[in-house]
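Read it alongside the sequence and the coordinates.

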Amino acid sequence: AHAAHAGEAAAATTPAGSVVSVADLRTPAEASPTGDVKRFALTAQQQVVTLEGVGTVNAWSYGSVPGPEVRVTEGDLVEVTLANRDIGAGVTIHWHGYDVPNGEDGVAGVTQNAVLPGESFTYRFTADDPGTYWYHTHQASAEGVQRGLYGTLVVLPRGGIAEAVDLALPVHALGGALLMGDATTEQRRAVAAGARVRIRLINTDQVPRRFRVTGTAFEVAAVDGRDLNRPTAIEDRALRLPAGGRLDVTLSMPNSPVRVTTDASPRAGLTLSPGAAARSDTAIEPHDGPDLDLLGYGTPEAAAMPEGSGTVLASMVLDRLPRFRHGLPSVAYTVDGAVFPHIDSIEVTEGDVVRLTVANRGWETHPMHVHGHHVLVLSRNGVPASGSPLWLDTFDVQPGEVWEVAFLADNPGIWMDHCHNLDHAAEGMMMALRYR
Ligand code: C2O
Ligand code: CU
């Protein structure tokens, strides 16, 4: 029997409503970290942004597009105060891929009310999972994120990383141009030959993006904020990054330039040049290699599968169905033929292992995002994952595909699972994971 329905949580969006159950799940003040307190203040606002070679865009921002980088160290207590200056739709901050306590998850109508103009809200969590994440609004999120309410979250391990050069590159379509970081044109950087480099690619868009790293061999060191087990050096492989996903690329700077490009833009790109002078006049041979298949990349590890006190089997069939909305023909993005909030929640008890099968019967890719948890990929289309254990928070279920994943229910609360094509989520492809 389903104890409660996700729709009830969504109904709590009424301005006067307060969500009592999850307030208890906010980080207690005495969850005292061993590190420092890192404080950030973000002001959501309407902002006219000037993009080089493009013109001006009426954006929504957390002060800049992308928002200020939130970069902290493992052990820090992170405290981010969000104020809303004038975004009438309201805003929140959802820490995408960072498994915060439920009350910090930033889902308007579920874990908090939207922050309206003139209001503020302070998020607090301890940074104990090093890796690459991002943040974005979770109120009117399809419009809000596209217009610029997003930024990077990086948690460095306590001892730092092995790479001397560390670049985060959130990639986002804005005003008809592609932003890589904050640039719509080629960026150049001087990097000493021999230096180790980490490039954190973050797809903040609705659609998958493909990247190429040319000029040297490289490794994919981490995916969705989780290190891969002994990744091997590769060359001539394109990297496909689902909407919402992250890839950390590491490399040793050679004596010649290295370039990072994407199919999504002929203009935006990053060129690393050895030595002091950041030249870009050396031709780089483009490659046209196939996509790297992450399910077979890296080194397998025994006992990756979490052990739980119980097992929950769950499944989702994704599709697109015609419907009428406001009297007009429209489409619904469905889970098991229904739209949120009319989709049964997955109900779990803390300690359960959840085995989830997701099948895509439609014609469009659905990057499924799981809040509050990382899932271990077991198989795709019946073929077992054969590389490094792959722990993802966003997995791209392409047309016709069936994915099997598993995760440990170790983070109590009410969590949303949804397509990260946020237009699809807004048209129904969203459901809840609930702890009893
Ligand atoms: Cu990145 Cu529910 O979102
Ligand atoms: Cu979708």
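A residue counts as buried when its relative accessible area is under 20%, as exposed when that area is over 50%, and as partly exposed in between. F407 has a relative accessible area of 2%, so F407 is buried. The model is a predicted one.

## Overall make-up

The chain holds four helices and 31 strands. Of its 436 residues, 56% are buried. The chain exposes about 17,400 Å², and carbon and sulfur atoms supply 51% of that area. Take the contacts with a separation of 6 or more: residues 24 or more positions apart account for 77% of them.

## Individual residues

F407 sits in strand β29, residues 402-408. Beyond its neighbours within four places in sequence, F407 contacts P306, D352, V353, V354, H373, H374, V375 and L433. W391 is 16 residues away from F407 in sequence, and the C-alpha atoms of the two are 9.0 Å apart.

T152 belongs to strand β8, residues 150-156. Its relative accessibility is 3%, so T152 counts as buried. With neighbours within four places left aside, T152 is in contact with P68, E69, V70, Y133, W134, Y135, A168, P170 and I202.

D319 lies in strand β20, residues 310-325. Is D319 buried or partly exposed? Its relative accessible area is 23%, so D319 is partly exposed. Leaving aside neighbours within four places in sequence, D319 contacts A332, Y333, T334, R361, G362 and M429. T334 is 15 residues from D319 along the chain, with 5.2 Å between their C-alpha atoms.

## Copper site

Which residues coordinate the copper ion (ligand 2)? The donors are H366 (ND1), C419 (SG) and H424 (ND1), at 2.0 to 2.1 Å. Along the chain, these donors follow the spacing H-x52-C-x4-H. H366 is in strand β24 (residues 366-370) and H424 is in helix α4 (residues 422-426), so the two tie together parts that are 58 residues apart in sequence. H366 has a relative accessible area of 1%, so H366 is buried. H424 is also buried, with a relative accessible area of 5%.

## Nonpolar cores

The largest nonpolar core has 72 residues. Which of them touch the most other members? They are I199, V220, L239, L272, L294, M368 and F395. Strand β31 (residues 430-435) gives the most to this core, with five residues. Domain 2 (165-292) and domain 3 (310-435) each supply at least three residues to this core. A second, separate core has 26 residues, including Y62, Y98, F125 and L153.

Not counting residues up to four places away in sequence, M368 touches M316, L318, V358, D393, T394, F395, V397, H418, C419 and M429.

## Strand pairing

An open sheet of six strands runs in the order β10-β9-β12-β17-β14-β15, with mixed pairing. β10 (177-180) and β15 (226-227) stand at the edges with a single partner strand each, so one side of each is left without a neighbour in the sheet.

| Strand pair | Sense | Bridges | Residues opposite each other |
|---|---|---|---|
| β14 (residues 219-223) and β15 | antiparallel | two | A222 and D227 |
| β1 (residues 37-51) and β4 (residues 77-84) | parallel | eight | R39 and E79 |
| β1 and β2 (residues 55-61) | antiparallel | seven | V48 and N58 |

Notes: Residues are numbered from 1 along each chain as its sequence is written. Chains are lettered from A and ligands numbered from 1 in the order in which they are written. This is a predicted model: local features need pLDDT of at least 70, side-chain atom pairs count only at pLDDT 80 or more; totals for chains, interfaces and linings use all residues. Side-chain values use heavy atoms; hydrogens and water are left out. Buried means under 20% relative accessible area, exposed over 50%, partly exposed in between (1.4 Å probe, protein chains only). Contact means heavy atoms within 4.5 Å. A nonpolar core is a set of buried Ala, Val, Leu, Ile, Met, Phe, Trp, Tyr and Cys residues joined through side-chain atoms within 4.5 Å. Domain bounds come from an automatic or database domain assignment. Donors are N, O and S atoms within 2.8 Å of the metal (3.2 Å for Na, K and Ca); water is not among the atoms, so sites may look incomplete. Accessible areas come from the Shrake-Rupley method with a 1.4 Å probe; for residues, only the protein chains shown count as cover. Two strands pair if DSSP finds at least two bridges between them.
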